[in-house]
Amino acid sequence: MSLLSQQLGSQMVNLGSALLLLTCFAIVAQRRLTACVDMFAVQSVLLAATAALVAFLTGIHHIYIAAALTVVIKAVLIPRILKQVVERLNVTRELVMNVNIPASLLICGGLVMLAFFITQPIIPLGFLLTRDSLAISLAIILIGFFTMIARKKAVTQVIGFLVMENGLFLGATSAAYGMPLIVEIGVFFDVLVGALIIGIYTHRLQDAFDSVDTTKLTTLKE
Amino acid sequence: MSTIAAQVAVFLGAPLLAAFLSLATRQARLLHGLNLATMTGLVVSEIALIQQVLAHGPLTALWGLVYIDALSAFILLIITFIGLSCSLYTWAYLDDYVARGVIAPGRLSRFFFLFHVFLFAMITATMANNLGVLWVAIEGTTLATTFLIAFFRKREGLEAGWKYLILCSVGIALALFGTVLTYYSSVRVLGDESEALNVTKLLEVAGQLDPHVLKLAFIFLLVGYGTKIGLVPMHTWLPEAYSEAPAPVTAMLAGVLETVAVYAVLRSKAIVDQALPPEFSGNLLMVFGFVSFAMAALFILIQHNYKRLFAYSSIEHMGLAMMGFGVGGSVGTFGGLFHLLNHALAKSLAFFSAGNVHRRFTTCEIGDVQGLAAAQPVTAVAMLVAGLALVGMPPFSTFTSEVLVVTALATQDFTSDTFHAGRFFSITVADEVRSLSVVAVFLLFAVALFGGFTYRLAAMVWGTPPEHVPRGEAWDVGHVPLIVTSLALVGLGVMLPDPIKALLDRAVGVLLVR
């Protein structure tokens, strides 16, 4: 591959990763739960596109399989499950938050800087094509983590977890051109089953507590 | 080689087959029989497997997907034996609850389905050659056990199950990032994508892996799997899950699942230690272990719920084992591994008896339980044995392993300082003072723990039971594991059988840097 097209490819992958990061901020800034789910679906599509781009540029075919699985599971199946949960539970908005939106956005900006700081020493080891995506993937993981802490509704917490998973997938694709296929498939299986279980669980929580506000889960104490 | 393939097929196939067969029937007797047959089969093939590993060294099977060395064989020993005693206890426990109408008979098949899937995931984790598959299997255990924890469908159970699911999933996601980083470092050396996460390959090239990446990777792996182990400060799900889950499930979680999570950390440590000085991973384990031990000792003092008391004792013992691995050396590592086995025995015994007490007294409050010795003599003895073993009293085997860990702590040499030892005598002295002061602080917490634990136990065992509690205990199959486990705790404390000792020695060899 010529140097020019390699640079162009690298820029495209970086663009994809940056857009992924942007959708994270959109999720953090969003109050409506269905919009959060939609943003997550968009993020998954972007992730699949970035992965497919890496597959195309490197000629490693099994990344295509992972990209296709991402579209089917994370962009179609899981958002559908989550929307059913939102509809059935009749909760549409995250009204009270542990951290309000402007402060959340500021913290997320700080997390991005932290991610770049942590990965600084190991970035030069990476493949030229996807070098900067590792830092972005850690940033996405941290933002997902933060979303789980800062939001109260069970559904938003699940989205935070799924955002973490997306960050991990980007990390695996960017750092090492994808994990071995058996691991990749296993991870997708776990995520899908996890989403199903969480879907069932929120129903049970709703029945038992009349709410999916996780701050009401306070029966168990020291 | 075909015998190995057959054994592996039994290990992986039997629980999976049993899981789906359980869904096909609703007969309680059939379900229990199936469970018992599966566990017996696993124990038999485990004994054969240990012989193979001792005779021929590490084994690989299924096109390199399965890798069994002395360490995994030792963990499998814990899984299968505790699993067998659990299935015996489950028989009595579930029959009782079905008879009382707490559990609908139709839900038994789902219990056994989840139980066997849980077992399958743990065995896969222990046998996997690929660190990625190990991760997938450990996440699988989280998914399989959430509904087991919330099996009674009470509010508290649901709450505990939800916290467990969310916290462990997040923790385990961090471990996946650690796995990705390990892969990132190894794929640059190996280039071969499909095998770059295999333990066998990683050990070959571990010396060439980039130390910076491995450092970061190990921190993520330790925090991630540490959440499953229940190390402080990632432990908050643990007391709740342990106090709400059905007793046989808790016994499996506390005795076996924690051990499997420790195994994941040890596997990572064995690889990381080849590329980095062992002090790096050792010190991290030491810090997490000591903080867990000390915090749990303090929390034990304020517990008024006996299941939570045992849960905090789990955190404490895992901290102790971690300190053993952290100090390293042959003594510390041997002590840590042996302690895993002893803790699994003592903790399953503790939760079996706690389950019996809960069924009789219908409360988990220590203040409301009195006169256990009069109401349930067998359970009372079992609880005393478990309690004394958990505080590390002789003649129980936990005493032996704790002494080993403390010895390792007291005689640890700080490698960086012994370098100077020849020239600066004063530093050597300071070293000894330092390691002895660590031991002194450790023993201080151990004494606090001893006091808190025995005080609470004595209050439950002696005295006269409340009026509404019936006296006497009818013999049932659930008493078999109580007696056998108690005997095993004493037996291992007096004498360590040769095969187990040989296995432990080999496993120590796996963990020490060659």
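These legends describe close-up views of a predicted model.

**View 1. Chain B meets chain A.** In this predicted model, 34 residues of chain B are in contact with 33 residues of chain A. On the chain B side, α5 (131-149), α6 (155-190) and α8 (211-229) each supply at least two residues. α6(B) gives the most, with 18 residues. By class, this side of chain B has 19 nonpolar, seven polar and eight charged residues. The model scores ipTM 0.90 and pTM 0.93.

**View 2. Helices α2 and α3 of chain A pack against each other.** Shown are α2(A), residues 33-58, and α3(A), residues 62-89. Their axes come within 8 Å and cross at roughly 175°. An angle over 145 degrees counts as roughly antiparallel, so α2(A) is roughly antiparallel to α3(A). The residues of this contact divide into 20 nonpolar, three polar and two charged.

**View 3. Helix α15 of chain B is mostly covered.** α15(B) runs over residues 377-390. From first C-alpha to last, the helix reaches 20 Å, close to the 20 Å expected. Ten of its 14 residues are buried. Among them are B:Thr379, B:Met383, B:Val385 and B:Leu388. B:Gly392 follows the helix and has a positive phi, near 80°.

View 4. B:Pro233 lies in the loop between α8 and α9 (237-244). B:Pro395 is in the loop between α15 and α16 (397-410).

**View 5. Positive phi at B:Trp63 and B:Arg153.** B:Trp63 is not a glycine, yet its phi is about 55°. The residue sits in the loop between β1 (59-61) and β2 (66-68) of chain B. B:Trp63 counts as exposed because it has 7 C-beta neighbours inside 10 Å. B:Arg153 is not a glycine either, and its phi is about 60°. This arginine is in the loop between α5 and α6 of chain B. With 14 other C-beta atoms within 10 Å, B:Arg153 is partly exposed.

**View 6. Confidence along chain B.** The mean pLDDT of chain B is 90, and 95% of its residues reach 70 or more. Confidence is highest in helix α4 (residues 108-127), at 96. Confidence is lowest in helix α17 (residues 415-418), at a mean of 43. Over residues 414-429, pLDDT stays under 50. For that stretch the model has eight contacts beyond four places in sequence. Where pLDDT is low, the predicted coordinates should not be read in detail.

Note on methods. Residues are numbered from 1 along each chain as its sequence is written. Chains are lettered from A and ligands numbered from 1 in the order in which they are written. This is a predicted model: local features need pLDDT of at least 70, side-chain atom pairs count only at pLDDT 80 or more; totals for chains, interfaces and linings use all residues. Two residues are in contact if their C-beta atoms, placed from the backbone, lie within 7 Å. Helices (H or I, at least four residues) and strands (E, at least two) are DSSP runs, numbered from the N terminus. Ala, Val, Leu, Ile, Met, Phe, Trp, Tyr, Cys and Pro count as nonpolar, Asp, Glu, Lys and Arg as charged, and the others, Gly among them, as polar. The expected span of a helix is 1.5 Å times one less than its number of residues. A residue is buried if 20 or more other C-beta atoms lie within 10 Å of its own, exposed if 12 or fewer, and partly exposed in between; C-beta atoms are placed from the backbone. pLDDT is the predictor's confidence in each residue, from 0 to 100. Axes are lines fitted to C-alpha atoms, for helices over the stretch in contact, and angles run from 0 to 180 degrees between N-to-C directions. Angles under 35 degrees count as roughly parallel, over 145 as roughly antiparallel, 65 to 115 as roughly perpendicular and the rest as oblique.
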